[in-house]
Amino acid sequence: MKLFIDALIAFIISMLPVFELRGGLPYAAIRGVPVALAFAICFAGNILPVPFTLLFIRRIFAYLKRFKRIGAIVTKLENRAIAKSDTVRKYQLVGLFLFVAIPLPGTGAWTGSLIAATLNLPIRKSFPVIALGILCAGIIMVVLSYLIPGLFFNLTQ
């Protein structure tokens, strides 16, 4: 039961903007979730919101902008995504891949999806690129969360 709860929490963390699998995998490692299970659930949690973001975020933002306070937050989010979109705008799908794949603060699937939607990149092309970016970010985070700490101490004790 403990493993199930820890895996579920890692899945939920991976679905959240800002944290994504960059937060879910370290949590899973600390809680002793086996690496293969952790990778699978964190990947699934991180990719789950992507198609919804790509398909609906522009309509949702347009609706939310009708409300004064929420509209200001939405505009701020859009401006932030546009400010981070230079690499994606310049290199298109390769830039989108790099933006999602490199696990740095402010990058990831949520912002990458928002940028792809803002730049009107085709969903049939941007979704597989974002999924591949999540896969690469996951591999990097497995190394950082499981392999490197495992060289120095055992996380499962």
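Helix axes are lines fitted to C-alpha atoms over the stretch in contact, and angles run from 0 to 180 degrees between N-to-C directions. Helices are DSSP runs of H or I with at least four residues, numbered from the N terminus. This is a predicted model, in which local features need pLDDT of at least 70 and side-chain atom pairs count only at pLDDT 80 or more, while totals for chains, interfaces and linings use all residues. Residues are numbered from 1 along each chain as its sequence is written, and side-chain values use heavy atoms, with hydrogens and water left out.

**View 1. Helices α3 and α4.** The axes of α3 (residues 35-47) and α4 lie 5 Å apart, at an angle of about 10°. The pair is therefore roughly parallel, a term for angles under 35 degrees. G45, N46 and I47 of α3 meet P49, V50 and P51 of α4, where contact means heavy atoms within 4.5 Å. By class, this contact has 4 nonpolar, 2 polar and no charged residues. Ala, Val, Leu, Ile, Met, Phe, Trp, Tyr, Cys and Pro count as nonpolar, Asp, Glu, Lys and Arg as charged, and the others, Gly among them, as polar.

**View 2. Helices α4 and α8.** The axes of α4 (residues 49-64) and α8 (residues 109-118) come within 9 Å and cross at roughly 50°. On the α4 side the contact includes P49, V50 and F61, and on the α8 side it includes A109 and W110. By class, the contact of α4 with α8 has 10 nonpolar, 2 polar and 1 charged residues.

**View 3. Helix α2.** The 12 residues of α2 (residues 20-31) should span 16 Å at 1.5 Å a residue, and the end C-alpha atoms are 17 Å apart, which agrees. The expected span is 1.5 Å times one less than the number of residues. Among the buried residues of α2 are E20, L21 and R22. Buried means under 20% relative accessible area, exposed over 50% and partly exposed in between, with a 1.4 Å probe and protein chains only. G32 follows α2 and has a positive phi, near 85°.

**View 4. Residue D6.** D6 lies in helix α1 (residues 2-15). At 3% relative accessibility, D6 counts as buried. Leaving aside neighbours within four places in sequence, D6 is in contact with Y27, R31 and V33.

Notes. Helix = DSSP H or I, 4+ residues; strand = E, 2+ residues; numbered from the N terminus. Parallel < 35°, antiparallel > 145°, perpendicular 65-115°, else oblique.
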